[in-house]
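Trainee: I have just opened this one and would like to walk through it with you. Could we take it piece by piece?

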Amino acid sequence: MSNSTTDEPGPLLGAADIRELAAALGVRPTKQRGQNFVIDANTVRRIVRTAEVRPDDVVVEVGPGLGSLTLALLEAADRVTAVEIDDVLAAALPSTVEARLPGRADRFALVHSDAMLVRELPGPAPTALVANLPYNVAVPVLLHMLATFPTIDRTLVMVQSEVADRLAARPGNKVYGVPSVKANWYAEVKRAGAIGRNVFWPAPNVDSGLVSLVRREKPVATTASRADVFAVVDAAFAQRRKTLRAALAGWAGSAAAAEAALVAAGVSPQARGEALTVEEFARIAEHKPGREGGAA
């Protein structure tokens, strides 16, 4: 029998359930941790559907909160591992899973930690990352998880709408920047929808968006390391109004050395970072002065 029938409440959390749980735990969402709890079951179903979670997926979720999305993921995936930093929320979540989805509780694991410090996860390697990311740390957490767990093939994250735009931006777009390039190092990135404010408690004063990231089948073809490439990206956008010749002077040792590296990489010294693809940044990294094969 389906859980979506009108005479059966189902395991997912609604607005009243969320407030009841929060009251029982003495929890008030904190701005410091960017907490906004999803209180609409249809929204979490939509996220799971958009994420294309499959029955054989091992999903990692960051910032599960009271468990709205966790329960929907557990219904759809093989396993779910949730990473939660908050002491009270981390302690309560296993009980919520046991109470509302007892038949799936053995498929759930909780890691009580700051996601930025997580280096390994229990059980099988994760295949997907699906999360309503705390908005104040969304980009670093996303990039950390993609770097640390190369088995994550598909990602769907809910982030502040502006951040979603930045992550999915293409070269030449005015919001294209460090998050856009670094996310694109790992994956094909695109906007995957908008989320209204009224599905959260408390309702945030910003709009939210979904971002889909599908890991590249082949990594960016380069002899430079990721750290080398990201160093160029950081330098290029630290002074984004400047030409690359000027912006990369510190990175290369001088403006003349930066120009030599850019010319060797086939990139105009007069270009700006916002015009370059991740592949072009990688070529520049390959020609860093002093690097073997780099510009002299």
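Trainee: Leaving aside its neighbours within four places in sequence, which residues is Asn36 in contact with?
Mentor: Bearing in mind that this is a predicted model, Asn36 is in contact with Asn132, Phe200, Trp201, Pro202, Ala203 and Pro204 once those neighbours are set aside.

Trainee: And where is Asn36 placed?
Mentor: Asn36 lies in the loop between helix 1 (15-25) and strand 1 (37-38).

Trainee: Why does Asn36 count as buried?
Mentor: Its relative accessibility is 18%, and buried means under 20%, so Asn36 counts as buried.

Trainee: Which residues does the UniProt "binding site" annotation cover?
Mentor: According to the UniProt record, which is an unreviewed entry, that annotation covers Asn36, Val38, Gly63, Glu84, Asp114 and Asn132.

Trainee: Let's take Glu84 then; where is it found, and is it buried or exposed?
Mentor: Glu84 is found in strand 3 (residues 79-84), and at 4% relative accessibility it counts as buried.

Trainee: What does the side chain of Glu84 reach?
Mentor: It reaches the backbone nitrogen of Gly65 at 3.0 Å, and Gly65 is also one of the residues that Glu84 touches beyond four places in sequence, a list including Gly63, Pro64 and His112.

Trainee: Changing topic, how many residues of strand 9 are buried?
Mentor: Seven of the eight residues of strand 9 (residues 208-215) are buried, so this strand is largely enclosed by the rest of the structure.

Trainee: Which strands pair with strand 9?
Mentor: Strand 6 (residues 154-160) pairs with strand 9 in the antiparallel sense over seven bridges, with Ser212 as the bridge partner of Leu156. Strand 7 (residues 187-195) also runs antiparallel to strand 9 and is joined to it by seven bridges, and there Gly209 is the bridge partner of Ala194.

Terms used:
Residues numbered from 1 in each chain as written. Predicted model: local features only at pLDDT ≥ 70, side-chain atom pairs only at ≥ 80, totals over all residues. Heavy atoms only, no water. UniProt positions renumbered as here; feature names shortened; annotations may be inferred. Helix = DSSP H or I, 4+ residues; strand = E, 2+ residues; numbered from the N terminus. Buried < 20%, exposed > 50% of the residue type's maximum accessible area, 1.4 Å probe, protein only. Contact = heavy atoms within 4.5 Å. Polar contact = N/O pair within 3.5 Å; in protein donor to acceptor, adjacent residues only side chain to side chain. Pairing = 2+ DSSP bridges.
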